[in-house]
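Open the model in your viewer and keep the selection tool at hand. The tour goes stop by stop.

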Amino acid sequence: MKFTEPAGTNPIDRMTVVGRAQDRIDGPRKTTGTAPYAYERHADAPDAAYGWIIGAAIAKGRIRSIDLDDARGAPGVLGIVTAGNAGPLAKGNFNTAKLLGGPEVDHYHQVIAIVVAKTFEQARAAAGLVRVDYDRASGSFDLDSALKTAPLVGGDSNEGNKAPAADRVGDFEKAFAAAPVTLDAAYTTPDHSHAMMEPFASTAMWKGDELHIWTSNQMIDWGRGDLAKTLGIAKDKIRFMSPYVGGGFGGKLFLRADAIMAALAARDVGRAVKVAMQRPLMANNSTHRPATRQRIRIGAAKDGTIQAIAHESGSGDLPGGGPETAVNQTQLLYAGPNRLTAMRLAVLNLPEGNSMRAPGEAPGMMALEIAMDEMAEKLGMDPVAFRVKNDTQVDPQKPDRRFSQRQLVRCLEEGAQRFGWSRRHAKPGQVRDGRWLVGMGMAAAFRNHINRRSGARVTLQSDGRVLVETDMTDIGTGSYTIIAQTAAEMMGVGLDRVEVRLGDSAYPVSAGSGGQFGAANATAGVYAACVKLREAVAQTLGFNSADIAFAGGQVSGGNRSVPLRDAAKSAPLTAEDKIEFGDLGKTFQLSTFGSHFVEVGVDAYTGVVRLRRMLAVCAAGRILNPKAARSQVIGAMTMGVGSALMEELAVDTRFGFFVNHDLAGYEVPVHADIPHQEVIFLEEADDKANPMKAKGVGELGLCGVGAAVANAVYNATGVRVRDYPLTLEKHLDRLPEIA
Amino acid sequence: MKAFTYERAKDPVAAARAATRPGAKFLAGGTNLLDLMKIEVETPTHLIDVQDLKLDRIEKTEDGGLRIGALVTNTALSADERVRRDYGVLSRAIAAGASGQLRNKATTAGNLLQRTRCPYFYDTNMACNKRKPGSGCSAIGGYSRQLAVVGTSGQCIATNPSDMNVAMRVLDAVVETVNPQGQTRAIPIADFHRLPGDTPHIETVLQPGELITSVTLPRPLGGTHIYEKVRDRASYAFALISVAAVVQKDGSGRVAVGGVAHKPWRVEAADAQLPAGAKAVTARLLADARPTEHNAFKVPLVERTIAAVISQARTA
């Protein structure tokens, strides 16, 4: 099905199942431990041996020698794979660094070996006996110094977030110089780790020349393709399965070392091998959200009308990598005739930078939305009013291109009203509650919606049950449930009559999970397949398909009503299709909008920041399942609090690695950090997005949260901090004297 | 993790005797030791499990204090009615540490022997004089935000990560031990932990095989008991700094600080400055501080946190 015209009325509009707050259909399996994750395929690979990964001890250089003798002789050891005996390996299309290093080492904790043994403990103990001798080379590890000579580079995150190296509209410099009120400020964001709960994990098993792999991956087809390319085998010789994923946040978009090492190890030892990456390796072995150095300039008329806006960002990556596209949203979020964006990319020999939840917009909004707060103060305007004043219903670069839906102003105004924003003191440092300085802050939320082709297969079984198969993944987001809701709505059956099978390369290729594109595109693909199945049902039952209804397990048209299951009486009916997109996404700008409101307390003595309450208002098309969507948004808000207050991969610029590489050192929020959270979804159905009239929401919930927290901290203290995270030492020496 | 042998000791002297074997270590709750063994920071060849030694009681001492068995769990100690009533600072300090699950398993003696959380100590690719004497200290000149500001040496800038120890120090607890010969001794907490000096791998004054059997608290001090822990997240995080204090109605009292040194940090001359205020206390307490660029904030943070404590005591 090609989606070329705005969606008209369709069966989804009934909203009898879709749009309802539905419990997760996979919930019972997960809470009872019967949903097997990648490392738990006991039934499929009962004989699996255990792999233990060894990461490089240097950031850059060469392995001079690697002594495996003691390890090979250790109890239970079945084999050891290194670059020396792995055979030729290509690099995947989506990987910047090789997944198996040696003899050259490209980054700290790059995998250099896997030790396989009969038991987990034997593999781990033997790995401790491997002795590696390195020639350490010098590298580029300091972003600030590397950026001094870094070139302008454009980029695309592969998740629809792209920006050119430099982009100009009008004459920014002239307009900025002439503007009566201006801001020119620098902001920094640190490297972030996905820190997902389930580490990289795979179980690999060869059946002749066919590889079966259970892994934890967001994008089945990308992973399968890159695994085939890396191993130099045909893609159709690999069955790639990832039905359950314990969090990814972009860290599992691409093939990672666990999969390739499990496959190589299984081939080497001639039996199934399972591998879970050790937690201390996760931060440096995996990708991360790159640190940014941003500069924002805004010039406005006295009435608050933006006349000039510039956003420049610098980041670093390994040779061949790309920039963090932190300027992306600034092309679209606010009006203004004179505009400039630019990105610089430095070469760093730190681990690979890549996508993490809302790549580009997450760190970009952390800076832009502080700048907007600062500018509002300079103008003497309320921050909400300043944003409303500069709303645009068209792409500021191409004024004849409208947003398909843009309810930013409603998000801002409804949020302000619900949060009690009018009680905020415009002058900072005015509210005290015991030892706490109290402040409120807000920010806009913005994230693009992305169209991706997505396929599904739907089968009406002889018992009348509907089976949906697609390689879509559920990374904790609720894909199983919204796909079931879509099929139930389309086929007119109860949710309990639908079975959903996901995350298997044996099923049609879907959009996958990333870039907040999963829910809308994957369900649109199921919609397309269901349209075909409805036609097949109608034909089988002898209906004129134009005017029949599917409801209550019956198919009705004219004065006839037949049980749906009758269509599959003689044989199951199967239909397969995919959603594909025409030019609507080019004719219109598809984006999602929201607002974040935050209240914080800052300890007047210690400078510690603690959240008090949070509110998000989102306008993101039709919300398919308000319960799952709310979970996505509160999770994203929590991640935003982490980025605002504590998350930072600390770089050791001498040795070139992230030092705090475990969950004690890299702190993410715990329950005690997160107070009352409220989420409101504005009613919206975007007919230009897809037949579901839905858009993404899972990343929108993150974009802007950090700045809303930072702005609340400023409102509490009167001390502006422009460097994330806002740990206490960033403002302690500027807090009011204590008695 | 290296292979090791294991035994369960039947009585304290037997345990101490077994521990004279090279490479032997006591195992109590295991919340720290087992994690470190898995990443080969600790590589004992023999473990002596002390869980059967019946050192899990809290009882009154003759002079009106409390004797806490070495194996009393952090949860039991923190929740004990006498501790909550008479030694509130200890109860609060323990509850501010780790998580409920860990406190259920962690023991009093184990907490005293808790090892540093310096990230370079945890990464076996990095030089660390604690882990491998003589290999150097990669934390010096590295990422040191969490690390020590006072009592450091050119060989080590690690901190003692315990919350409990800070309260024990302010209370002047005494560590009681037995050695392989069956001799007992009582070590004031002030003398129990060592500064790093040139031997940062030697963290306490315990001799080979010497087993902690109990910790005694002197008779109750009265006053207001406060434990202030400052950290980036609200729970389940090690202290950036912490302050344990017992303040009397007249403003006199005592104060110990965590997160700043290789041992719980207390300077008796600084206690005497409490009535004069936080600035005076901190000036004495951290007079010899030599912070790094990353942790220089700890010095003013200690002062401001002590100010919070004094203010809290005044209104208590």
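Two strands count as paired if DSSP finds at least two bridges between them. Keep in mind that this is a predicted model.

**Stop 1: a strand in chain A**

Select β2 of chain A, residues 49–55. Six of its seven residues are buried, so the strand is largely enclosed by the rest of the structure. Click A49(A): V273(A) in β15(A) stands opposite. G55(A) has V111(A) in β6(A) as its bridge partner.

**Stop 2: an open sheet in chain B**

Go to chain B and select β9, β10 and β11. They form an open sheet of three strands in the order β9-β10-β11, with antiparallel pairing. Which strands stand at the edges? They are β9 (224–230) and β11 (253–258) of chain B; each has a single partner strand, so one side of each is left without a neighbour in the sheet. On average, neighbouring strands of this sheet are turned by 10° against each other, direction ignored.

Bring up helix α5 of chain B, residues 88–95. The helix packs on the sheet and touches β9 and β10 of chain B. Its direction makes about 20° with that of β9(B).

Then zoom in on β10(B), residues 241–247. Six bridges link β10(B) to β11(B) in the antiparallel sense. For one of the paired positions, pick V246(B): its bridge partner in β11(B) is R254(B).

**Stop 3: cysteines**

A disulfide is a covalent bond between the sulfur atoms of two cysteines. How many disulfides are there over all chains? The count is zero, with a cut-off of 2.5 Å between sulfur atoms. Select C618(A): the nearest cysteine sulfur, in C411(A), is 7.0 Å away. C618(A) is buried, at 1% relative accessible area. Now select C156(B), which is in no disulfide either. Its nearest cysteine sulfur belongs to C137(B), 5.8 Å away. C156(B) is buried too, with a relative accessible area of 6%.

**Stop 4: cavities**

Rolling a probe the size of a water molecule over the atoms shows where empty space is left. There are seven cavities of 30 Å³ or more. The largest cavity has a volume of about 100 Å³. To find the largest cavity, select S193(A), A195(A), R279(A), M282(A) and A283(A). Of its 14 lining residues, these lie nearest its centre.

**Stop 5: backbone exceptions**

Most residues other than glycine have a negative phi, and most peptide bonds are trans. Start with G102(A) and P103(A), joined by a cis peptide bond with omega of about -10°. P103(A) sits in the loop between β4 (77–82) and β5 (104–105) of chain A. Another cis peptide bond joins Y724(A) and P725(A), where omega is about -10°. Look for P725(A) in the segment after α16 (705–717) of chain A.

Return to chain B and select K54(B), in the loop between β3 (46–49) and β4 (58–60). Its phi is positive, about 55°, although K54(B) is not a glycine. Is K54(B) buried or exposed? K54(B) is exposed, with a relative accessible area of 60%.

Finish at D172(B), in the loop between α9 (164–170) and β6 (174–178) of chain B. Phi of D172(B) is positive, near 60°. D172(B) counts as partly exposed, at 28% relative accessibility.

Conventions
Residues are numbered from 1 along each chain as its sequence is written. Chains are lettered from A and ligands numbered from 1 in the order in which they are written. This is a predicted model: local features need pLDDT of at least 70, side-chain atom pairs count only at pLDDT 80 or more; totals for chains, interfaces and linings use all residues. Side-chain values use heavy atoms; hydrogens and water are left out. Helices (H or I, at least four residues) and strands (E, at least two) are DSSP runs, numbered from the N terminus. Axes are lines fitted to C-alpha atoms, for helices over the stretch in contact, and angles run from 0 to 180 degrees between N-to-C directions. Contact means heavy atoms within 4.5 Å. Buried means under 20% relative accessible area, exposed over 50%, partly exposed in between (1.4 Å probe, protein chains only). On a 1 Å grid over the protein atoms alone, a cavity is a set of points where a 1.4 Å probe fits but cannot get out, and a pocket is an open set with protein on both sides within 12 Å along at least five of seven lines; lining residues have an atom within 4 Å of a point. Grid points are joined across faces, edges and corners, and a volume is the space filled by probe spheres set on the points.
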